[in-house]
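I opened this entry to record what I looked up and under which cut-offs. The structure comes before the notes.

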Amino acid sequence: MLDRIEYFLTLAEEKNITHAAKRLYVSQQCLSAYLKELEEEYGVQLFYRKPQFMLTPAGETFYRAAQQMQLLNKDVKSQLQNRAYDSQGQLLVGVHSSRSATIMPSVMKEFWTQFPNIKVDVVDGNTKLFERLLLDGDIDMFIGVNPAKNLKLEQIPLLDEGVYITISDNMVRKYFYYDYPGCLERFEQGVLLEEFLHVPFIFTNEDSNIYTVINAYLIQLGLALNIRMTTNNGALRTEMTAMGYGASISAGIRLLDIAEKNNLLPPDAKLFTFPIVNIPLSRICLVYRKGIYKTAYFEKFASEVAAYFKENF
């Protein structure tokens, strides 16, 4: 039955019998015969053949049910695996690469103390990708920024996160020479982006949350930053800032890494982090599907993530 569900879902996704057959490694004749048998079994037409191969209204209903059956099968496998192997298994966790380097070492230290045989696969991407993967059953949970409300998903709040301008002491001296060092005390209380328009920036790519919130603010004011380079690699942005190539904008979670970086830098290259005012805080959440069976190691991992944020922020 589950093989037949996979056949149907693949047909619905490909919208082409030839392409679906190639993907499933079966013949077109076999797939066509399967579809005919399925439609005869339920007494309805599931796909229009002409002018375009596509789902009928009945097919749309069956498609939603088939997705649920596929997810249920994955959940059952997870439950059986946990029962059969007693603390052996796998977790697939979505975490953006700029956050995983900060979060995962501490979380895994505690997690593997209790569950040393659990394999953890960290999937890189952004929140929109993680939401899609989670709903499809391709990851178990993710740490996301401003996740969309969805009745099928559970959100555990971890942090209301601000954003910060990161800039070296040398660059502050260069671009704010007329007010240095007096400006430092004022900047530590909060800065306006408008004050930094003449400063070159190492910025994020357009698909990042930082880009979204900063760009929305600047558009309202009809302003633009002087962007010299873009990358979603937070460690690279910090390194380029330390070398004096530009200021950067960092999420709050990066402050721990920046503080460690400062221990290795000479005094004139010290990195300052100034909170940006008038920018809304971002919701950092741990997200997983509602109603799933939670293994002991799933719950342990989730609790360690929550503990990490509580202890460090």
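Is serine 100 buried or exposed? I found serine 100 buried, because its relative accessible area is 16% (buried is under 20%, exposed over 50%, partly exposed in between, with a 1.4 Å probe and protein chains only). I placed serine 100 in helix 5, residues 97–114 (helices are DSSP runs of H or I, at least four residues, numbered from the N terminus). Leaving out residues up to four places away in sequence, I listed Val95, Pro105 and Val122 as touching serine 100 (contact is heavy atoms within 4.5 Å).

On provenance, I noted that this is a predicted model, in which local features need pLDDT of at least 70, side-chain atom pairs count only at pLDDT 80 or more, and totals for chains, interfaces and linings use all residues. Numbering runs from 1 along each chain as its sequence is written, and side-chain values use heavy atoms, with hydrogens and water left out.

Next I looked up the nonpolar cores (buried Ala, Val, Leu, Ile, Met, Phe, Trp, Tyr and Cys joined through side-chain atoms within 4.5 Å). The largest has 58 residues, and Leu193 and Phe301 are among those with the most contacts inside it. Helix 12, residues 296–312, gives the largest share of this core, 7 residues. Apart from it I found another core of 20 residues, including Tyr34 and Phe62.

Last, I checked Leucine 193. Residues up to four places away in sequence aside, its contacts include Ile165, Tyr217 and Ile279.

Methods. Helices (H or I, at least four residues) and strands (E, at least two) are DSSP runs, numbered from the N terminus.
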